[in-house]
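The entries follow the order in which I looked them up.

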Amino acid sequence: MFLEDTFYYYKLTDYLIHQQGFDIVFIDNRQTEVWLQRTKRKQNHVIRLTNQEFDWKNQLKIDVDRTYTNAKKLAKLFLGRNIELHNVYVAKHAPVDDWESLNETKKINQGKFTNMHVYYLNDENRSDEKERLFQETSVEPIEFNLPRDVLDMERITQYLKVSILGEFQQIQNTSTKIFEYAKPFYTYVLLVINVLMFLLLEWQGGSTSTETLIRYGAKYNPAILDGEWWRIVSSMFLHIGFLHLVMNMFALHIVGSLVERIYGVKRFLFIYFGSGILGGITSFAFSPQLAAGASGAIFGLFGALLFFGLHYRRIFFQTMGWNIIVIIAFNIIFGFVVQQIDNGAHIGGLVGGFIASGIAFFPKKKLIKQQSMAIFGYIIIITTLLIYGILHTSTHYDPALEVQIAQQLIVGEEYDEVITVTTRIIKSNPSDYSAELLFLRSYAYSKLAQTDKARKDLENLISIEPNKIPEAHYNLALIYMDNDEANKAKKSLEKAMDLDSTNKLFTDLYQDWFSNE
């Protein structure tokens, strides 16, 4: 190996890295080859440089084949696809036999790579080969002048070598240390709190009980509109059923530990609650359904990893990148397919986590302008969602949920509350459940001896849905009989029997009242 060739090798490598925007991807343990990559203007080039000399074509061919094999092994280190692979040799002499055929472009079309180009920069054709390399990779041309003094050449060569190796070592250290900034702590605290809250729900009536969930702080839009905004936070610690808890806690353990290692404990907490709150408000704005769970905050942790990937793109894709993207995409698509999933909380949490990460930023780093913009963006999004949620009345109530709540109140003989619940939904959101709501309210009115109001609701119900609730005709018949309106009572009871001929209560009452006619 000659000093001039070694100087040229490191000079070329240094030029590609520091003036042409190539990243150091890999240097082998023997320091005999350097792998670089640059993605620019939809061009994706990987250059492998080595300062080796081959006496024979067969030796060179073996190394060319080995380069392709190594490229496939290192594929996960390279970003993107459709990569042009450039295999560059810097040597004093070329092989003595006919080796030029190896210089031809070889189509690969396997994995990430499309073509492999070979360049042999020896004394005789160094300038031409370098020009060909620069043209193929869109690198600006330059001439490397050799120092006249041998000592200067040796000094510069050693400096470039140490500089390049040191830079690569720094990249490796950064890749390692970035996942070791802090040890997970609050991830486990949150896990414990969520499990304890689940056990409390089970003890107090069941984690799938609507009444229990509302009592302990689930996201319930009517209560939020009445001023209970704390539910946006409290709902993050409640889970509906054991499977819901297990899936969320598994995700929190895996993703939370990683985010806490990268961002540190304080930033982790800020991201977790910042994304959970935005996810909860998004759910409030777009979904009237009762909701609970840590999934909004967990999606925020995914958003934090996406923000990390934006700033540490190579490390992100070399470690977890595509796995994270696939998981996010799958869950969002699944959320659109399955109506029971609160996709608003998921998407809101994802966006919230990304923006919260922009506010907190990375440990020991600051970008005041970007962080200020992130704060402004977070405030604007929160404000917009709140205004939309308050003004968009169709999401204030879930009729099916209100029917369920009213039924539970009737069981508890809380008739005044039944009237309050049913009245607000009937007034604000006419729906497919109007008949059920009118029936439940009429029942409550009857129990409170407000017969005229009960009669009015039942007659209104029958005019809307005459064939839906047989019991409505039965109850109306009772009211008619109390008012000595026997003909109306008979017609109502006959309609009830027509709709449900197997109901013994209907037939027995008919026999008692009208059997002697």
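**Entry 1: aromatic pairs.** I searched the whole structure and found 31 aromatic pairs. I counted rings of Phe, Tyr and Trp (its six-membered ring) as paired if their centres lie within 6.5 Å; planes under 30 degrees apart are stacked, those over 60 edge-to-face and the rest tilted. I looked up Phe237 and Phe273, a tilted pair with 6.2 Å centre to centre and 45° between the planes. I placed Phe237 in the loop between helix H8 (231-234) and helix H9 (242-263), and Phe273 in helix H10 (residues 265-286), so this pair ties together parts that are 36 residues apart in sequence. I took helices (H or I, at least four residues) and strands (E, at least two) as DSSP runs, numbered from the N terminus.

**Basis of the entries.** I worked on a predicted model, in which local features need pLDDT of at least 70 and side-chain atom pairs count only at pLDDT 80 or more, while totals for chains, interfaces and linings use all residues. I number residues from 1 along each chain as its sequence is written, and side-chain values use heavy atoms, with hydrogens and water left out.

Entry 2: I recorded Phe237 as buried, with a relative accessible area of 13%, and Phe273 as partly exposed, at 26%. Buried means under 20% relative accessible area, exposed over 50%, and partly exposed in between (1.4 Å probe, protein chains only).

**Entry 3: charges over rings.** I applied this criterion: NZ of Lys or CZ of Arg within 6 Å of the ring centre and within 35 degrees of the ring normal. I found Lys92 over the face of Phe2, at 5.6 Å from the ring centre. I found Arg126 over the face of Tyr8, at 4.7 Å.

**Entry 4: strand E6.** I noted that 9 of the 9 residues in strand E6 (residues 113-121) are buried. I treated two strands as paired if DSSP finds at least two bridges between them. Strand E4 (residues 83-90) runs parallel to E6, joined by 8 bridges, and Leu85 has Met116 as its bridge partner in E6. Strand E5 (residues 106-110) pairs with E6 in the antiparallel sense over 3 bridges, with Lys107 opposite Asn115. I recorded E5 and E6 as a hairpin with 2 residues between them, where Gly111 in the turn has a positive phi of about 65°.
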